[in-house]
Amino acid sequence: MRSLPSFCSNPTLSICAGTLPAGSGTSDFWRQRITGVAMTLLILPVIVVIMILLGRNQAGAAQILGSPLISLIMILFIISSAIHMKIGMQVVIEDYVQNEKLKLVTIMANNFFSIAVALAAIFAIFKLASGV
């Protein structure tokens with residue numbers, strides 16, 4: 001009989017019997033924290049850029065986003081937000097979806113959705129920055 005975690009005092013509990021480390025939890029934990037700190041540091045410059053963009057037409061927005069520093073700040077915020085969103089939703093899916101096949105499908109959909117959102121937003125920044 002394998003040893004159970006210390007919080008499982010009753011070996012007949014099937015929930016406790018399956019609680020062994022999955023291996024990816026620690027890296028996800030730290031990536032979630034790092035992206036949270038990155039977004040915290042980037043949110044003020046992003047809000048300033050958005051406030052500057054308010055009321056501008058496309059040419060004005062293209063001129064402002066044409067600055068490499070402004071585009072870089074926006075792209076870094078988009079990337080960190082997409083990673084943060086992906087990890088957060090994956091944790092919710094892993095915790096609350098019980099069917100393993102459905103869990104796999106929803107995690108795959110979450111990955112594709114996160115990548116699609118990030119790519120669409122980065123494409124929009126590049127398009128506006130290039131003035132097209």
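Biologist: Which residues in helix 5 are buried?

Modeller: Please keep in mind that this is a predicted model. As a general idea, an α-helix has 3.6 residues a turn, so residues three or four places apart point the same way. In helix 5 the buried residues are Lys-103, Ile-107, Asn-110, Ser-114, Ala-118, Ile-122 and Ile-125, and the buried residues of this helix pack against helix 3 (58–65) and helix 4 (68–96).

Biologist: How many residues does helix 5 have, and what distance does it reach from its first C-alpha to its last?

Modeller: Helix 5, which covers residues 100–130, has 31 residues and reaches 45 Å between those two atoms, close to the 45 Å expected at 1.5 Å a residue. At its start, a side-chain oxygen of Asn-99 comes to within 2.9 Å of the backbone nitrogen of Lys-101, while just after the helix Gly-131 takes a positive phi of about 80 degrees.

Biologist: Is Leu-104 buried or exposed?

Modeller: The general idea is that a residue counts as exposed when its relative accessible area is over 50%. Leu-104, whose place is in helix 5, is exposed because its relative accessible area is 52%.

Biologist: Which helices do the buried residues of helix 4 pack against?

Modeller: The buried residues of helix 4 pack against helix 2, helix 3 and helix 5, and among them are Ile-70, Phe-77, Ser-80, Ala-82 and Gln-90. Helix 4 has 29 residues and reaches 42 Å from its first C-alpha to its last, which is close to the 42 Å expected at 1.5 Å a residue.

Biologist: Where does Gly-66 lie, and what separates its C-alpha from that of Gly-131?

Modeller: Gly-66 is in the loop between helix 3 and helix 4, and it counts as partly exposed because its relative accessibility is 38%. Although Gly-66 and Gly-131 are 65 residues apart along the chain, their C-alpha atoms are separated by 7.7 Å.

Biologist: Which residues is Thr-35 in contact with, leaving aside its neighbours within four places in sequence?

Modeller: With those neighbours left aside, Thr-35 is in contact with Ser-80, Ile-83 and His-84. Thr-35 is found in helix 2, and it counts as buried because its relative accessibility is 8%, where the cut-off for buried is under 20%. The side chain of Thr-35 also reaches the backbone oxygen of Gln-32 at 3.1 Å.

Biologist: Which residues make the nonpolar surface patch?

Modeller: Ile-43, Leu-44, Ile-47, Val-48, Ile-50, Met-51, Ile-52 and Leu-54 make a nonpolar surface patch of about 740 Å². One of these residues, Ile-47, has its place in helix 2 (residues 25–53), and Ile-47 counts as partly exposed because its relative accessibility is 43%.

Terms used: Residues numbered from 1 in each chain as written. Predicted model: local features only at pLDDT ≥ 70, side-chain atom pairs only at ≥ 80, totals over all residues. Heavy atoms only, no water. Patch = residues over 30% accessible without salt bridge, like charges linked within 9 Å, V, L, I, M, F, W, Y side chains within 5 Å. Areas by Shrake-Rupley, 256 points an atom, 1.4 Å probe, with all protein chains shown as cover. Salt bridge = Lys/Arg side-chain N within 4 Å of Asp/Glu carboxyl O. Helix = DSSP H or I, 4+ residues; strand = E, 2+ residues; numbered from the N terminus. Buried < 20%, exposed > 50% of the residue type's maximum accessible area, 1.4 Å probe, protein only. Expected span 1.5 Å × (residues − 1). Contact = heavy atoms within 4.5 Å. Polar contact = N/O pair within 3.5 Å; in protein donor to acceptor, adjacent residues only side chain to side chain.
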